Amino acid sequence: MKKILLSFAIVTMVILAVGVLAETVVTSESSQRIVKDILKERGLDETQVQSVEKVNFSDLPDQINIENIDNTNVAMYQVDMGTEKPVYVITVSDEAIKGFKKDKIILTKMLINFGLKGEVKESQFLESAVGIKGSLEKGYVMMRSGSITGLSTNAEILDGNGDVEIIVYRNQKEVGFRNDIVADSKGVKNDYDVQSTDTITFEAGDVISIYVKVNGDVKLQDINTLIEISTNE
């Protein structure tokens, strides 16, 4: 159980013939289970628990006196152990926990480079950063599960009309994420797109490669493409 240390330095407690256990982090879905785990850690028999009830700070039992406490940050549970006097467990409240929750914590982001140096007139796979020609089978092997969250391309249009698509492949299949450069004039062109985490995902061992699709009679050179990946481990 992951724990967040909680200081009770400003809390004054007067305990009258009851046991009070200070612990951390209880969520609404698992409060009873975690309260029982807390009791077990303190050497109490969690199998003897008959009920777990959340205590209203505005209506504390007579034997509990807690002052100078922000009840939006902590919660108290009364545990009936089948004995004459109950045990009370103080935890971080559900409301406080919501302030810490996030959809996903991204631990690692990485940029992967593909490209082609020199003149390009026909569709083909891009090369890796070390000059290895890609294919449906050849590309970068992912070491962790994660998501493709960005794609950017820089290329110089030399001549012709049409457009150039930069297409992402995962395990020999298009993933539906691409850059599109319109070749309506000569010069250096850019395109970039971003995507939310967990929209285009991959697993450890998946192979990522990039294909440039030339539409029309476009002639271009020096394609430089970056993929941004985000992993969750």
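Guide: Happy to! Strand S7 (residues 108-120) and strand S17 (residues 219-231) run antiparallel and are joined by eleven bridges. Please keep in mind that this is a predicted model. Within that pairing, Ile112 has Ile227 in S17 as its bridge partner. S17 also pairs with strand S11 (residues 146-159), again in the antiparallel sense and over eleven bridges. There, Leu151 is the residue standing opposite Ile227.

Now for the rings. Searching the whole structure turns up four aromatic pairs. One of them is formed by Phe125 and Tyr211, with 4.9 Å from centre to centre and 65° between the planes, an edge-to-face arrangement. This pair links distant parts of the chain, since Phe125 sits in strand S8 (residues 124-125) and Tyr211 in strand S16 (residues 207-216), 86 residues apart. Phe125 is buried, because its relative accessible area is 12% and the cut-off for buried is under 20%.

Tyr211 also pairs with Tyr169: the ring centres are 6.2 Å apart and the planes stand at 75°, so this pair is edge-to-face. Here Tyr169 belongs to strand S12 (residues 162-170) and Tyr211 to strand S16, so the contact ties together parts 42 residues apart in sequence. Tyr169 is buried, with a relative accessible area of 12%.

Note on methods
Residues are numbered from 1 along each chain as its sequence is written. This is a predicted model: local features need pLDDT of at least 70, side-chain atom pairs count only at pLDDT 80 or more; totals for chains, interfaces and linings use all residues. Side-chain values use heavy atoms; hydrogens and water are left out. Rings of Phe, Tyr and Trp (its six-membered ring) pair if their centres lie within 6.5 Å; planes under 30 degrees apart count as stacked, over 60 as edge-to-face and the rest as tilted. Helices (H or I, at least four residues) and strands (E, at least two) are DSSP runs, numbered from the N terminus. Buried means under 20% relative accessible area, exposed over 50%, partly exposed in between (1.4 Å probe, protein chains only). Two strands pair if DSSP finds at least two bridges between them.
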